[in-house]
Amino acid sequence: MIYEHAQSKTRIVRWLYSPTARALGALAVVFVLGIIFNADGAFLNWLTHRDMLRAVSVYGILACGMTLVIITGGIDLSVGSILALTAVSFSLLTIHRGISAPLAIVLCLFIGAACGAGSGLLIARFSIQPFIATLAMMVFARGLGKLISGGQKISTAVQIPDGSYSYVEAPQIFTFLNSKVAGDNISVVTLVFLVCLIISWILLTKLRPGRYIYAIGGNEAAARLSGVPVSAVKTLAYGLSGLFCAIAGICQASQELQGDPEAGIAYELSAIAMVVIGGTSLRGGRGGIWLTLLGVLTIGYLEKILSINAVGEDKRLMLTGAIIIAAVLFQKTRK
Amino acid sequence: MTQRQKRLLKMDRICKAFSGVQVLSDVGFDLYSGEVHVLAGENGAGKSTLIKILGGVYDDFTGQIHLGSEPVRFKSVNEAFAKGISIIHQELSLVGPMSVAENIFLGREKTRGLWLDKTLMAKHARRHLANLGLDLDVSRPVADYPLGIQQMIEICKGSGTFFRQAKDGSDPLRIIAMDEPTSALTEPEVEKLFGIIEKLKNQGCGIIYITHKMEEIYRLADRITVLRDGRHIATAAAAGLDKDKLIQWMVGRELNQQFPRHLAKTGEVRLEVRNFCIHGSGGKTGRRSVDNVSFRVRAGEILGIAGLAGSGRSQLLGGIFGTYGKSVTGRIKIDGKQFKPVCPKKAVKAGIALLTNDRKETGLVMEMNIVQNTTLASLSGFSPGGWLRPKRETAAAAKQAQSLQLKAASLDQPVESLSGGNQQKVVIAKWIQTDPAILLLDEPTRGVDVGAKHEIYRLMNTWSKKGIAIVLITSEMPELLAMSDRIIVMHRGRITAEFSRDSATQEKILAAAMGEKVPA
């Protein structure tokens with residue numbers, strides 16, 4: 001092999017310009033802010049970090065699926081609605097029907113994956129734009145969630161035949177998913193998020209479909225002409241996004257001890273923001289799951305720092321908006 | 001060159017680097033009125049960068065530019081344009097859904113107050129196009145026109161303004177730079193373009209012309225400047241410059257033979273196509289872009305397909321490869337076995353490889369690296385049970401890179417950072433990695449420099465020796481004549497003639513391509 005263009009930059013310099021370094025940089029800035037505005041040492045306490053991680057886990061799980069979809073060059077607007085649908089389904093199945101937790105989980109995962117694969121099929125087979133197809137799924141899944149819940153929150157208050165309510169004990173799975181392990185130092189939902197990250201990482205970097213996801217996002221026509229099963233891979237990506245929504249929905253139901261048909265509104269926007277802040281390109285073909293983790297942590301820490309410093313929600317939202325732009329601009333500056 | 005001609009442009013000691021990689025070092029260049037100055041050199045030599053600096057696309061360079069005697073340094077394209085410099089870029093800069101007129105006036109719209117003067121723009125656009133010998137509906141979207149026409153619109157966008165300004169008596173457009181303008185044009189369109197260039201020349205314009213095509217260089221050039229690896233190698237008058245000398249300047253070594261076709265022993269029929277049709281949107285009764293085509297290719301044979309733009313030859317290859325799905329009829333046999341071209345995936349499995357004519361749009365995944373692009377079409381073999389085996393992939397890609405003489409800093413490099421010729425080699429590597437029985441090559445040397453072209457010809461010989469059946473489409477007549485064992489000619493979706501290697505001539509092929517009856 002003949003080498004051309006002698007490398008004028010060292011590995012380290014080139015790494016500094018990589019998306020990973022930029023995303024890490026953004027996170028570091030936020031972290032340093034936290035150390036400066038540490039709210040009388042609250043930021044230096046591990047429990048603050050534990051709670052932050054717990055708070056972002058559900059979003060993070062959604063962001064895992066969103067990352068897959070965005071790398072194919074698509075978008076999934078339906079994640080919040082599918083989350084609500086599966087949260088409601090999970091509560092109904094376990095609290096009201098008394099179905100065993102493993103079976104209920106499998107059923108919910110199936111519902112989520114089916115919704116996602118549904119949008120995937122619309123996109124892959126019928127060439128409907130991802131924005132439109134998942135927008136439709138967003139509305140549809142929200143409606144379905146309301147239908148099966150009767151528009152009510154499905155909680156441990158169960159209506160008995162005489163019309164009054166009695167409280168039943170929450171199923172064990174709820175308490176387990178809402179608990180903390182390792183000497184109360186880490187939440188179970190955070191571990192679930194970690195597992196989702198690892199699954200996505202293996203898929204994207206170790207498995208053939210992952211390579212195809214990047215290829216389709218990078219150049220769909222070239223991928224198709226190379227014999228890549230484009231429709232199947234797209235359906236898989238959206239199906240997995242739906243599956244992650246179901247996981248998030250189960251976690252959300254456990255945390256709230258109820259299935260709320262109104263849950264997850266605007267979650268898709270948070271998930272997209274996290275993926276984008278990480279540095280995964282909305283144009284597809286570029287990015288990765290660890291970048292998404294960095295994005296999730298950046299937003300998580302930002303919100304946490306603002307809240308421990310008692311910044312009101314109004315200013316918090318405005319600042320978050322500004323920081324999203326700052327982070328993305330920071331990533332764009334090349335050269 | 002006469003003494004009366006005045007110097008329009010002088011670029012002196014131009015240096016430019018992209019993120020640490022020096023692409024131009026101390027390059028000098030000048031241009032006189034009424035002259036065509038050809039910039040020649042391999043891909044990556046820095047020709048396009050040089051004219052982009054002139055056109056105000058890049059402003060972070062060192063060195064001086066003088067227009068006449070006035071020193072200039074353009075910060076934007078419009079600044080350069082205002083000084084009478086127009087660049088026709090290699091990549092089309094047209095907005096597909098916008099109309100022809102809107103595209104021609106994009107960024108310099110005619111207005112009356114705040115309002116767009118659409119009538120005036122349409123009128124001017126029509127006049128400019130007429131100057132190029134084109135009669136188009138200027139209100140139709142550019143995307144409705146074939147690539148060749150789009151290229152002419154692009155040229156009109158750059159040069160058309162000249163005619164208008166000259167008429168106004170205001171400062172006319174004096175310098176036009178064209179970066180491989182003919183790469184997507186058919187013969188007659190090229191002729192038209194050359195006519196335009198002649199016209200511009202006579203009106204005192206200076207033309208910078210970048211091309212890889214030898215016959216264009218000698219046809220057009222008054223002077224030739226050769227760049228290699230970002231350095232100025234030589235500037236010489238075209239008249240009397242020896243072809244071999246020129247090539248030697250460009251590649252830095254001698255190429256003894258331009259087209260080294262070694263005829264291989266042909267074997268069994270590998271690809272047989274019978275009564276093949278591609279039906280348009282009108283269903284089976286509608287217009288057919290490929291109409292009742294039958295041919296055979298034997299092992300080790302190179303079948304050339306000639307035809308003008310719109311002859312349906314690219315569609316024919318696409319159809320065989322399965323890109324038209326169910327809208328095809330006819331029979332295809334591969335090594336005697338029936339094959340139904342329903343999708344590219346099946347075609348790859350059946351041993352067909354299609355090198356498309358546009359590596360950026362349909363060949364490469366630019367973000368992915370050399371290894372990943374090389375294994376994309378044969379990934380199943382590198383991922384038993386679905387798990388990727390990166391080491392095996394790298395080993396395979398390294399082997400391909402070696403045999404294709406791919407020049408790259410590392411195999412982890414994204415292909416977008418490679419030069420055109422090396423990108424083409426990656427696409428080729430991808431298809432050779434699938435170990436194809438049939439290789440369909442659609443313009444394999446488009447936008448590729450002399451050295452890489454030569455290597456691609458050499459590879460075609462190797463493949464045919466291995467018994468691969470090759471179908472070759474190329475718009476470069478000498479290439480077609482030299483590399484094909486047999487040539488079929490298409491016109492409006494039909495085969496109009498077939499020639500053996502010995503009986504084929506440029507004139508006969510062109511006549512058949514234009515639909516005339518030609519005895520073989």
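**A helix, a sheet and a buried lysine**

Helix H13 of chain B covers residues 390-404, which makes 15 residues. From its first C-alpha to its last it reaches 21 Å, close to the 21 Å expected at 1.5 Å a residue. The model is predicted, and what follows should be read with that in mind.

Start with burial along this helix. Glu393(B), Ala397(B), Gln400(B), Ala401(B) and Leu404(B) are buried in H13(B). Viewed down the axis of H13(B), the buried residues fall within an arc of 100°, so they line one face of the helix. The general rule behind such patterns is simple: an α-helix has 3.6 residues a turn, so residues three or four places apart point the same way.

What does the buried side of H13(B) pack against? Its buried residues meet three helices of chain B: H12 (370-375), H14 (420-432) and H15 (450-465). Now turn to the other face. Lys391(B) and Gln402(B) are exposed there, on the face of H13(B) turned away from its buried side.

Four strands form an open sheet in the order E14-E13-E16-E17, and the pairing is antiparallel. Which strands stand at the edges? They are E14 (288-298) and E17 (337-339) of chain B. Each has a single partner strand, so one side of each is left without a neighbour in the sheet. From one strand to the next, the twist averages 15°.

Look at one pair in detail. Strand E13 of chain B, residues 269-279, runs antiparallel to E14(B), and seven bridges join the two. Across this pair, Glu272(B) stands opposite Arg296(B) in E14(B). A helix also packs on the sheet: H9 of chain B, residues 313-321. Helix H9 touches E13, E14 and strand E16 (328-334) of chain B. The direction of H9 makes about 70° with that of E14(B).

Finally, move to chain A. Lys304(A) sits in helix H13 of that chain, residues 289-308. Is Lys304(A) buried or exposed? Lys304(A) has 22 other C-beta atoms within 10 Å. The cut-off for burial is 20 or more, so Lys304(A) counts as buried. Leaving out residues up to four places away in sequence, Lys304(A) touches Thr48(A) and Met52(A). Arg211(A) is another matter: Lys304(A) and Arg211(A) are 93 residues apart along the chain, and their C-alpha atoms are separated by 36 Å.

Key
Residues numbered from 1 in each chain as written. Chains lettered and ligands numbered in written order. Predicted model: local features only at pLDDT ≥ 70, side-chain atom pairs only at ≥ 80, totals over all residues. Buried ≥ 20, exposed ≤ 12 C-beta atoms within 10 Å, placed from the backbone. Contact = placed C-beta atoms within 7 Å. Pairing = 2+ DSSP bridges. Axes fitted to C-alpha atoms, helices over the stretch in contact; angles between N-to-C directions. Expected span 1.5 Å × (residues − 1). Arc of directions from axis to C-beta.
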